[in-house]
Amino acid sequence: MKFLVTGATGFIGKNLVSYLQRAGVEVATCGRTMYEYSQEHYIVDLKSIHDVRSMIGHSQPDIIVHLAGSSAGKPDYDNPSLVFEENVSGTNNLATACSTL
């Protein structure tokens, strides 16, 4: 069984990936920056449906755990349209890409 964890460079994502790896589970990761603890890591903009489809096509996960999102506090409040695009559109793109598997 193979997991794909989005948001793997965030606090919850790092801890989940570490747990899964210790349990012997195959894990691919996705984040905005490089993740040194993953042998299969994708730096993907979830706002790009093409990038999301490509990542899923290459990684071929059995389970996707979606933890990616913007939650930086005040900077997010100052730019709500960007927060919407990253959180809602990114999630929609992930769901759309999964629906075509």
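**Entry 1: Lys47 and its partner**

I looked up Lys47 in this predicted model and found a relative accessible area of 30%, so I recorded Lys47 as partly exposed. I then asked which residue Lys47 meets in a salt bridge. The partner is Asp45, with N to O at 3.3 Å. Asp45 has a relative accessibility of 35% and therefore also counts as partly exposed.

**Entry 2: Lys2 and Glu26**

I counted the salt bridges next and noted 3 in the structure. One of them joins the side chains of Lys2 and Glu26, at 3.9 Å from N to O. I placed Lys2 in strand β1 (residues 2-6) and Glu26 in strand β2 (residues 26-31); the two are 24 residues apart, and the pair links distant parts of the chain.

Is Lys2 buried or exposed? I read a relative accessibility of 9% for Lys2, which counts as buried because the cut-off for buried is under 20%. Glu26, at 46%, counts as partly exposed.

**Entry 3: Lys2 and Glu40**

I found that Lys2 also forms a salt bridge with Glu40, where the closest N and O atoms are 2.8 Å apart. Glu40 lies in the loop between β2 and β3 (41-43), whereas Lys2 belongs to strand β1, so this pair ties together parts that are 38 residues apart in sequence. Both Lys2 and Glu40 are buried.

I noted as background that side chains of opposite charge can pair when their charged atoms come close.

**Entry 4: The network**

Returning to the bridge of Asp45 and Lys47, I set it beside the others: salt bridges with shared partners join Lys2, Glu26 and Glu40 into one network.

**Entry 5: Charges over the chain**

I compared the mean positions of the 7 positive and 10 negative charges of the chain and found them 3 Å apart.

**Entry 6: Fold and dimensions**

I listed 4 helices and 4 strands for the chain. From the N terminus, I read their order as β-α-β-β-α-β-α-α. The radius of gyration is 13 Å, close to the 13 Å given by the globule rule for 101 residues, so I recorded the chain as being as compact as a globular protein of that length. The C-alpha trace spans about 40 × 30 × 15 Å along its principal axes.

**Entry 7: Burial, contacts and surface**

How many of the 101 residues count as buried? I noted 36%. Of the contacts between residues at least 6 apart in sequence, 53% join residues at least 24 apart.

Definitions and conventions
Residues numbered from 1 in each chain as written. Predicted model: local features only at pLDDT ≥ 70, side-chain atom pairs only at ≥ 80, totals over all residues. Heavy atoms only, no water. Rg over C-alpha atoms; globule rule 2.2 N^0.38 Å. Buried < 20%, exposed > 50% of the residue type's maximum accessible area, 1.4 Å probe, protein only. Contact = heavy atoms within 4.5 Å. Lys, Arg positive; Asp, Glu negative; His and termini not counted. Charge placed at Lys NZ, Arg CZ, Asp CG, Glu CD. Salt bridge = Lys/Arg side-chain N within 4 Å of Asp/Glu carboxyl O.
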